[in-house]
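User: I've got a chain loaded up and would like to talk through it with you. Can we go feature by feature?

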Amino acid sequence: MVVKMLPGKFVSVVMRFENIQELLTKVKEGYLKASWKEGEELKTGYLLVSSGKIVGMLIEDTFTRKTLKGKSALADIVKASRERKVKAVEIYEAPVEEILKDLPEVGITLFSLPEEILGHDIQGLINLMKSYRGELRVHNGSTSWSLYVDNGKVKAAKTIKGPELRGEEAMTHLFMEMGKIMKNGKYETGGTVTFSKLDELKREDIFLDALELLRDKQEIDTVQGNR
């Protein structure tokens, strides 16, 4: 199957971005287009977006014309995103519903693209959280936490590995373990854990506030270390 250029109106090129989630907020109805090298292959990927969520995926090899569609394209797009292979993304306005009628096999529904951030990258995590809605997993090796994030606010929390903790207790334990997380841990999006009333938090902004304080401390330590 050879894919012709998808219909649409070119809007802009984004050269600087922290994650794909950040770009989804820039598209009301259309798609993101990007190219990257994978060994000897040159791939072009399309993410169809409607109302801030991903509704279609397509990858085409520029030389062989082989394609991956829908869920089959997910792993390659996630890999390219995590390995920072994409240097620029083109944004297009387009009739997404019409494209899906012509290419129904590319359809997939995701509220975000799975992302992975290393524990020490506090600024990267802050940028992600401010534009993200969904589950965020935090790992330190022996314990894993699941947080429900809504544009910077953490509405619910619980552990999914290690001691069984929920709500405020889970967040308190996470704060106590931040040193280990920043040294050897990581943060991931894209899970599907269900939360209950017991997992809800009273202070929804406390995690983002703590991250911003940690970020500021990192910057001060860096300046002092360069003297």
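This is a predicted model: local features need pLDDT of at least 70, side-chain atom pairs count only at pLDDT 80 or more; totals for chains, interfaces and linings use all residues.

User: Let's start inside. How many cavities of 30 Å³ or more does the structure hold, and what is the volume of the largest cavity?

Analyst: With the cut-off at 30 Å³, the structure holds one cavity. As for space, the largest cavity comes out at a volume of about 130 Å³.

User: Which element gives the most residues to the lining of the largest cavity?

Analyst: The lining is made up of 13 residues, and Ile20, Ala34, Leu47, Ile77 and Val86 sit nearest the centre of the cavity. Elements giving two or more residues to that lining are helix 2 (71-82), strand 3 (41-50) and strand 2 (29-38). The top contributor, with four residues, is strand 2.

User: And how do the lining residues divide into nonpolar, polar and charged?

Analyst: Counting over the 13 lining residues, you get one charged, two polar and 10 nonpolar.

User: Ile20 came up there. Is Ile20 buried or exposed, and what is its relative accessible area?

Analyst: Ile20 belongs to helix 1 (residues 20-24). Buried means under 20% relative accessible area, so Ile20 counts as buried, at 10%.

User: Now Glu135. Which side chains make polar contacts with the side chain of Glu135?

Analyst: You'll find Glu135 in strand 9 (residues 133-139), and it is buried, with a relative accessible area of 4%. Another, of 2.6 Å, links the side chain of Glu135 to that of Ser146.

User: On to helix 7. What arc do its buried residues cover around the axis?

Analyst: Helix 7 (residues 206-225) has 20 residues and reaches 28 Å from first C-alpha to last, close to the 28 Å expected at 1.5 Å a residue. Its buried residues are Phe207, Leu208, Leu211 and Arg215. They lie on the same side of helix 7, because they cover an arc of only 95 degrees.

User: Last one, on backbone angles. What is phi of Arg65, and what is phi of Asn151?

Analyst: Arg65 lies in the loop between strand 4 (53-61) and strand 5 (67-69) and is partly exposed, at 39% relative accessible area. Asn151 lies in the loop between strand 10 (144-150) and strand 11 (153-161), and is partly exposed too, at 46%. Each has a positive phi in a residue other than glycine. The values are near 70 degrees for Arg65 and near 50 degrees for Asn151.

How values were computed. Residues are numbered from 1 along each chain as its sequence is written. Side-chain values use heavy atoms; hydrogens and water are left out. On a 1 Å grid over the protein atoms alone, a cavity is a set of points where a 1.4 Å probe fits but cannot get out, and a pocket is an open set with protein on both sides within 12 Å along at least five of seven lines; lining residues have an atom within 4 Å of a point. Grid points are joined across faces, edges and corners, and a volume is the space filled by probe spheres set on the points. Ala, Val, Leu, Ile, Met, Phe, Trp, Tyr, Cys and Pro count as nonpolar, Asp, Glu, Lys and Arg as charged, and the others, Gly among them, as polar. Buried means under 20% relative accessible area, exposed over 50%, partly exposed in between (1.4 Å probe, protein chains only). A polar contact is a pair of N or O atoms within 3.5 Å; within protein, one must be able to donate a hydrogen and the other to accept it, and residues adjacent in sequence count only if both atoms are side-chain atoms. The expected span of a helix is 1.5 Å times one less than its number of residues. The arc is that of the directions from the helix axis to the C-beta atoms.
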